[in-house]
Structure formats: structure tokens, C-alpha cells
Amino acid sequence: MKVWVNKPKCTGCAHCFDVCPVAVFQMKDRSGAEANADVAPEEQQWKGQSDPAVKAKWESVQDGHKHFADKYEDRSGGLSVAVSGDACILCQACLVECEGECITITDDNGQTYQSIYK
Ligand code: SF4
Ligand code: SF4
């Protein structure tokens, strides 16, 4: 299984980190060296700019998450990196919880699954 996060669309909500039963995701500082430590294609890697449409949708939402913060602190912030995609069991829990609709999973047959926020 290959799993990656479209980093400019990641709000830092940490829902994926919270729900994944096999610890595929880790939350990383946006300014840190590990922000792109998964298999996201070049155009989906973190280069310091959030997607304007996702930012406009989530920036002012008050739901207890630190959207678009640099660091993960007190259960949100930073951005998600799929550091252990090989462990994915395709339970799909992350796919319905992802605010940024920015997780992609590809199985061993090449079928692709995309997150759609519930
Ligand atoms: S689909 Fe994979 S990455 Fe997503 S929560 Fe389930 S095991 Fe984790
Ligand atoms: S659920 Fe989606 S938006 Fe939230 S931290 Fe994970 S990848 Fe980013």
C-alpha cells in the first residue's frame, strides 16, 4: 500500500493521526526537514504555501484544532506525513475524517482511494 498526503491541502487537524489503527501518519512541523517524508508526488509536497481554497474553508473554523499552525501541539497543528504507508490495512477511517480531502492511498493492484470529508 502506498499512502501520501497532499501537503498544501493539509489543515493540521490530526484526524488521520488520531484514527489510524496502525500509525501510518505522524504530525510534523511545517518548517521541519521531515515535512515531505512520504511518497507524495512533487506537486503535492510541502513548499511553504497552503492551498488557498482549503485555507479559506478552514482557517477561521473554531473546532478546537489549530488549523495551519507550524507545530503540532496539544493534539493538532503542523501537517501530516504518511511515514508508514506499508502498514496500511485500508480500513478507510482516515479517508472520511480528512478535513483537507488530501489523503491518497494506492493498493497493490493500482486502485486508488481518495479522502472525501464526511
Ligand atoms: S486506511 Fe490505512 S492509513 Fe487510513 S486509517 Fe486505515 S490503516 Fe490508517
Ligand atoms: S486528516 Fe487530512 S487535513 Fe487533517 S491532518 Fe490528516 S491529512 Fe491533514
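This is a predicted model: local features need pLDDT of at least 70, side-chain atom pairs count only at pLDDT 80 or more; totals for chains, interfaces and linings use all residues.

Biologist: How many helices and strands does the chain have?

Modeller: The chain has three helices and five strands. Read from the N terminus, the order of the elements is β-α-β-α-β-α-β-β.

Biologist: How does the radius of gyration of the chain compare with the globule rule?

Modeller: The radius of gyration is 13 Å, close to the 13 Å that the globule rule gives for 118 residues, so the chain is as compact as a globular protein of that length. The C-alpha trace spans about 40 × 30 × 25 Å along its principal axes.

Biologist: And what share of the residues is buried?

Modeller: Buried residues account for 38% of the 118 residues in the chain. As for contacts between residues at least 6 apart in sequence, 72% of them join residues at least 24 apart.

Biologist: Which residues of the largest nonpolar core touch the most other members?

Modeller: They are Val3, Val5, Cys16, Phe25, Ala82 and Ile103, in a core of 26 residues. At least two residues of this core come from each of β1 (2-5), α1 (15-19), β2 (25-28), β3 (79-82), α3 (93-97) and β4 (103-106).

Biologist: What does Val5 touch, leaving aside residues up to four places away in sequence?

Modeller: Val5 touches Cys10, Asp38, Ala40, Ser80, Val81, Ala82, Cys102 and Ile103.

Biologist: On to the ligands. Which residues are closest to ligand 1?

Modeller: Cys20, Val24, Cys88, Cys91 and Cys94 are the closest of the 14 residues that surround ligand 1. By class, this shell has 13 nonpolar residues, one polar residue and no charged residues.

Biologist: And which come nearest to ligand 2?

Modeller: Cys10, Cys13, Cys16, Cys98 and Gly100 come nearest, out of 15 residues around ligand 2. The shell of ligand 2 divides into eight nonpolar, five polar and two charged residues.

Biologist: One more residue. Where is Ser115, and is it buried or exposed?

Modeller: Ser115 is found in the segment after β5 (112-114). Ser115 is buried, because 23 other C-beta atoms lie within 10 Å, and 20 or more are required for that class.

How values were computed. Residues are numbered from 1 along each chain as its sequence is written. Chains are lettered from A and ligands numbered from 1 in the order in which they are written. A residue is near a molecule or strand if its C-beta atom, placed from the backbone, lies within 6 Å of it. Ala, Val, Leu, Ile, Met, Phe, Trp, Tyr, Cys and Pro count as nonpolar, Asp, Glu, Lys and Arg as charged, and the others, Gly among them, as polar. A nonpolar core is a set of buried Ala, Val, Leu, Ile, Met, Phe, Trp, Tyr and Cys residues joined through C-beta atoms within 7 Å. A residue is buried if 20 or more other C-beta atoms lie within 10 Å of its own, exposed if 12 or fewer, and partly exposed in between; C-beta atoms are placed from the backbone. Helices (H or I, at least four residues) and strands (E, at least two) are DSSP runs, numbered from the N terminus. Two residues are in contact if their C-beta atoms, placed from the backbone, lie within 7 Å. The radius of gyration is taken over C-alpha atoms; the globule rule is 2.2 Å times the number of residues to the power 0.38.
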